[in-house]
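These are notes on the model for a colleague who will work from the coordinates.

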There are 4 protein chains.
Amino acid sequence: LTPTEQRQRLRAHFAGTRCASPASVYDPLSARVAASVGYEIGMLAGSVAAHTTLAAPDLIVLTLTELAAQIRRIQRAAELSLIVDADHGYGNALNVMRCVEELEHAGVSCLSIEDTALPIRYAQPEGRDELIGSAEMSGKLRAALAARRDPALMIAARTSGLKVEGLEATLARVREYAATGVDCVFVVGVEQLEQVRAVHEATRLPVIVGSAPAAITHAECAAAGARILLQGHQPVAAAVRALREVYTHLYGGGAPADLKSSIASAQEMDALTGGADYRERIARFLR
Amino acid sequence: LTPTEQRQRLRAHFAGTRCASPASVYDPLSARVAASVGYEIGMLAGSVAAHTTLAAPDLIVLTLTELAAQIRRIQRAAELSLIVDADHGYGNALNVMRCVEELEHAGVSCLSIEDTALPIRYAQPEGRDELIGSAEMSGKLRAALAARRDPALMIAARTSGLKVEGLEATLARVREYAATGVDCVFVVGVEQLEQVRAVHEATRLPVIVGSAPAAITHAECAAAGARILLQGHQPVAAAVRALREVYTHLYGGGAPADLKSSIASAQEMDALTGGADYRERIARFLR
Amino acid sequence: LTPTEQRQRLRAHFAGTRCASPASVYDPLSARVAASVGYEIGMLAGSVAAHTTLAAPDLIVLTLTELAAQIRRIQRAAELSLIVDADHGYGNALNVMRCVEELEHAGVSCLSIEDTALPIRYAQPEGRDELIGSAEMSGKLRAALAARRDPALMIAARTSGLKVEGLEATLARVREYAATGVDCVFVVGVEQLEQVRAVHEATRLPVIVGSAPAAITHAECAAAGARILLQGHQPVAAAVRALREVYTHLYGGGAPADLKSSIASAQEMDALTGGADYRERIARFLR
Amino acid sequence: LTPTEQRQRLRAHFAGTRCASPASVYDPLSARVAASVGYEIGMLAGSVAAHTTLAAPDLIVLTLTELAAQIRRIQRAAELSLIVDADHGYGNALNVMRCVEELEHAGVSCLSIEDTALPIRYAQPEGRDELIGSAEMSGKLRAALAARRDPALMIAARTSGLKVEGLEATLARVREYAATGVDCVFVVGVEQLEQVRAVHEATRLPVIVGSAPAAITHAECAAAGARILLQGHQPVAAAVRALREVYTHLYGGGAPADLKSSIASAQEMDALTGGADYRERIARFLR
């Protein structure tokens, strides 16, 4: 699939009636494992990108260039339609335009720009998100849309409004955001299904739900207008736990052979890294 | 520790009497987990670098720039003295010089250049390694040494001679390599402890053993002149297996909560990604 | 223009009857100046890429990643259909495939792979080019064609045969190369127009002439089957000379004002760097 | 010279009594020409970095990663002690820390962080700079100093205060900035020598003057406490003008030979790109 086709596949999903949870991916191998399991949609969260490329917390110390490079590595490795959390777009509306340019070139299918004031402001109270004004945010969204070269690329307006300002103010915001022409709305901090439905009805746009109480089902989300429901970022945390077990075992003098049942086999690693494709290339072009 | 201090720490290890197995690392998080477990020495293998940055097999399709960038990301994240398998040095002796320049700048403590003809040659028989001549290899090693700016950086001469030409020819090779002034010899394909001892005695240099039969102990390796014994690359394979389990569970509709016991906790992720350091920075510089 | 449209424009030129000389460009500003003068076709030579990104001679010390990054910077800045001399494809046929993947992603319209043995071999006689065998070269060309994702991307087979083996052997080579399905043939070391015609007639493919005696005209080249005639790399040399004059003047204590007539005005720099576009973006999205 | 030695050389200059104008450089070749003329100090301005790496205006659309990469290319090519205008440090105080980390690694000798609010704010009046508060700026400077690993690296506090708030307010600012422990103060918008002297006397720190009326001499600046006086960015503008002349000539059908007297000779290009060094490396390591 070309990048455009990956985007069209994601658009088809958004135009449908199901609510899916994408694979939380972060590097070429995680993306390839996810694709091999059957996933067609992947998600690179800003927090996960910071953790895995810098071993840093989710505080916007990653640069746009680093994010784009990581996305490109992921897209080379697996044909996932990738949704990327592009935080605040890395600055003002001009930076948003570069962000769209670079992430589109890197191959993303959908990117979100959010209304949280980022990076955290000087003297901002601890643990309290602040939002930029809706006019400024709308300018950033219009800039994002203007910077898009492939019309199939999806732009999502992401809001932290529910947590910071409550439902009514959030509905006013998303109405403004929807008026810019964005393709979907991404809400975080959902506590009740009704919030999702209200956002959908206020905008007539499909919704990405950043997180929701575990009791809410995919079917309920779908009926409320959501097409994507994120479920957290367990994969990187599972990899970390596995790494810790292996390093602890070996550092303590444990035998490598003892690990056999807890690691991917050589055959699996070969399959994941395209061994057969490369052997065929060697046979065709190097002999 | 500065890069120079990391290199001096590794040199001190090589000057001692123990044989250690480094942590096989490949990205910032793996390096940080390894360091948190106690490791002071890390190893980035060429195969693992290709797997994790490109999802490609060990066929030299990674570029020097990509390798250097991945090393830099690893070195930023953890204070490991890093040994890097730099394959053939990415071309001829001039390319070896650039390789040393770039990897030194990225922060490696020891890098190896090998005598295998790489990338595989046109019409080379399947599965059969070939070696470059020892004069050519010596030129590459002399070039590597001349390109070094920090005298603490270690240069290892790596040979596939045991598998391809047998012990006698390998001893002739490593004597020539040692005469260039390299800091250690890296042998792969070891089948008997005596081979390690013979290489050590022929060169009076410490030895890195790329792999050895499981029955050979670290103490025996140390007595034979080895200071580093590699044990394979289980960590990335463990991460892959953990990823597959998580993706399979979630793709099949399993609940995220079921995964709790098999993933790192939020506290562990926070600790690994320097949460406390960043909170302190915020308190000092942003308030 | 999208990258595909830039490639189609170049294909239309090759399908025509004229022989053009592209602008020798090397960075975003040079490309933008060239485009502003009227050029639609640009050329990034391997030598010029090495000079400008590394201040290094034409000895293949630039990496594929560095070349691709420079191309991307050039392509972002100006809508030139760019022909790139990709040297030997950065290794064996597998590396050629990566080279095509990376340069296609960076936006090139045409890339050439050459049959010179590169980088220079151990013990190769000074100043004497050597060629790889034609079977090996054909494998590389077939690999390049197989790696292409956009069918509009042009692949050129470049040969140093005229200088190394003479016309007859070169004709045998280019016939083999043409049989792989490449889009054009790139010859260097042309001494007589008849050589161009012979290559064209042997292959029925359009020809890129790397250099030719000054007496040969574009019209003659066109009639002989050439569609591109390179004329050297004066632009970077002109920039160097201008830089030397300015630095010498200022280092010697000369007044900046004295330079006014020999530098681009502030208005020209503003126009070149898209000042008006950015002011319009600010007015639309930041107010 | 190592990066530390380059920094110590710059510190020695600042500790002396002269006021120098650095070479405005922007890529490997410009840096090498400048060094060949005799310059020991170079300057990479933010505006020039944006122009040359992106063909963009000075509006902070360049990323930190792109800036660091360009600096690294420059530093590889020439042993200049490089002063870099790092704009606002690419975000908040946490971003400043990454900025220092990345630019130190890239090899800069001195970097400045400025108090202008950047990138331009939403609804900011056209052409009117705004400043961040001095407490916020001081936090960024303390963060910069804390992030420095090589104590020889110089950190400059840059202020746009003279243009925005006038002299008295600027003196209050620079006193606060000096109290953080920065190594020098960088002022732009100087109109009178007395302003330089006042800044110097208020802080007891050496001053970098971003620009000044042409009538003010280096000797006067030195006596007033300045050690660096910028004179504009003619070199890139001279290169642009030379490029335009060459492209215009060739695009119009002019003969390449006509350009001979206005371009660097092949010998000069060979000398600039280290031809002799490489030939010696070939002779030593490849034969």
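1. Helices (H or I, at least four residues) and strands (E, at least two) are DSSP runs, numbered from the N terminus. By that count, Glu220(A) sits in helix 10 of chain A, residues 218–223. This is a predicted model: local features need pLDDT of at least 70, side-chain atom pairs count only at pLDDT 80 or more, and totals for chains, interfaces and linings use all residues. Side-chain values use heavy atoms, with hydrogens and water left out, residues are numbered from 1 along each chain as its sequence is written, and chains are lettered from A and ligands numbered from 1 in the order in which they are written.

2. Is Glu220(A) buried, exposed or partly exposed? Buried means under 20% relative accessible area, exposed over 50%, and partly exposed in between (1.4 Å probe, protein chains only). Glu220(A) has a relative accessibility of 35% and therefore counts as partly exposed.

3. Contact means heavy atoms within 4.5 Å. With neighbours within four places in sequence set aside, Glu220(A) is in contact with Leu193(A) and Ala215(A). A polar contact is a pair of N or O atoms within 3.5 Å; within protein, one must be able to donate a hydrogen and the other to accept it, and residues adjacent in sequence count only if both atoms are side-chain atoms. The Glu220(A) side chain reaches the backbone nitrogen of Thr217(A) at 2.9 Å. For a separation within the chain, Glu220(A) and Glu104(A) are 116 residues apart in sequence and 32 Å apart in space, C-alpha to C-alpha.

4. The contact between chain C and chain D takes 67 residues from chain C and 67 residues from chain D. Buried area is the accessible area (1.4 Å probe) that two parts lose on being put together, summed over both. For chain C and chain D this is about 6100 Å², and carbon and sulfur atoms give 66% of it. On the chain C side, Arg244(C), Tyr247(C) and Arg287(C) lose the most area to chain D, together 11% of what that side buries.

5. A salt bridge is a side-chain nitrogen of Lys or Arg within 4 Å of a carboxyl oxygen of Asp or Glu. Between chain C and chain D the count is 2. Arg244(C) forms a salt bridge with Glu268(D), the closest N and O atoms being 2.5 Å apart.

6. Several elements of chain C each supply at least two residues of the side that touches chain D, among them strand 1 (23–24), helix 2 (28–37) and helix 12 (266–272). The largest share of that side, 16 residues, comes from helix 11 of chain C. For classes, Ala, Val, Leu, Ile, Met, Phe, Trp, Tyr, Cys and Pro count as nonpolar, Asp, Glu, Lys and Arg as charged, and the others, Gly among them, as polar. The side of chain C that touches chain D then divides into 42 nonpolar, 15 polar and 10 charged residues.

7. Between chain A and chain D, the contact takes 19 residues from chain A and 19 residues from chain D. The two chains bury about 1600 Å² between them, 58% of it on carbon and sulfur atoms. The rule finds 2 salt bridges across this interface. Arg98(A) forms a salt bridge with Glu66(D), with the closest N and O atoms 2.6 Å apart. On the side of chain A that touches chain D, helix 4 (64–77), helix 5 (93–106) and helix 6 (134–147) of chain A give two or more residues. By class, that side has 11 nonpolar, 5 polar and 3 charged residues.

8. Copies are superposed by least squares on the C-alpha atoms of residues with pLDDT of at least 70 in both. Chain A can be laid on chain D with an RMSD of 0.0 Å by a turn of 180° and a shift of 0.0 Å along the axis. The two copies are thus related as by a two-fold rotation axis. The same surface serves both copies, since 100% of the contact residues of chain A recur in chain D.

9. Most residues other than glycine have a negative phi, and most peptide bonds are trans. Tyr90(A), not a glycine, has a positive phi of about 70°. Tyr90(A) lies in the loop between strand 3 (81–85) and helix 5 of chain A, and at 16% relative accessibility Tyr90(A) counts as buried. A cis peptide bond joins Leu118(B) and Pro119(B), with omega about -15°.
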